[in-house]
Amino acid sequence: MRDAVAARPGLRVLAASATPELFYASDPRASADLSYFTELGVEFVVPDRVDAGGYFQSLSWETADRYPADVILLDDRSSGLQPAALADRPVWRSLPAVVAGQVAPWSPIFRFSHAATAPLLERLATTIRDAKRVR
């Protein structure tokens, strides 16, 4: 992961979730996995103001472009919308990371073993290594 980040200085990543009503910009400081990725050098977008729970900032779809990012990690749980379901949303389609095809799945359930965490790290390292700055 550190090597991938070093190869892409300044690359900004937004961890997000989406529902039909809202786009959620996640705060990496409130999530065990994102905090760990930050320690490894990943530069995450940090929302200006998080909701009462402290995990994310809820944005209307009209303001989903508030935080420019080079890569979007999109919550891959079944409770959230996935890229195919977001394709008809103009703001989603206009996001630089989406235009560049730099949207990757994010599994926000932290794994508490090296064996379970390694595939997540490898997937994120590959995403970062293959990405380019687009904002």
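Is Arg12 buried, partly exposed or exposed, and at what relative accessibility? Arg12 counts as partly exposed, at 22% relative accessibility; buried means under 20% relative accessible area, exposed over 50%, and partly exposed in between (1.4 Å probe, protein chains only).

This is a predicted model, in which local features need pLDDT of at least 70 and side-chain atom pairs count only at pLDDT 80 or more, while totals for chains, interfaces and linings use all residues. Residues are numbered from 1 along each chain as its sequence is written, and side-chain values use heavy atoms, with hydrogens and water left out.

**Salt bridges**

Side chains of opposite charge can pair when their charged atoms come close. The structure holds 5 salt bridges, each a side-chain nitrogen of Lys or Arg within 4 Å of a carboxyl oxygen of Asp or Glu. The table includes three of them.

| Pair | N to O distance |
|---|---|
| Glu43 and Arg12 | 3.8 Å |
| Arg29 and Asp27 | 2.8 Å |
| Asp48 and Arg66 | 3.0 Å |

Glu43 lies in strand S3 (residues 43-44) and Arg12 in strand S1, so their pair ties together parts that are 31 residues apart in sequence. Strands (E, at least two residues) are DSSP runs, numbered from the N terminus. Glu43 is partly exposed at 34% relative accessibility. In the second pair, Arg29 is exposed at 60%, whereas Asp27 is buried at 5%.

**Ser17**

Ser17 also belongs to strand S1 (residues 12-18). Ser17 is buried, with a relative accessible area of 14%. Leaving aside residues up to four places away in sequence, Ser17 touches Leu22, Phe23, Tyr24, Leu74, Asp75 and Trp106, where contact means heavy atoms within 4.5 Å.

Definitions and conventions:
Helix = DSSP H or I, 4+ residues; strand = E, 2+ residues; numbered from the N terminus.
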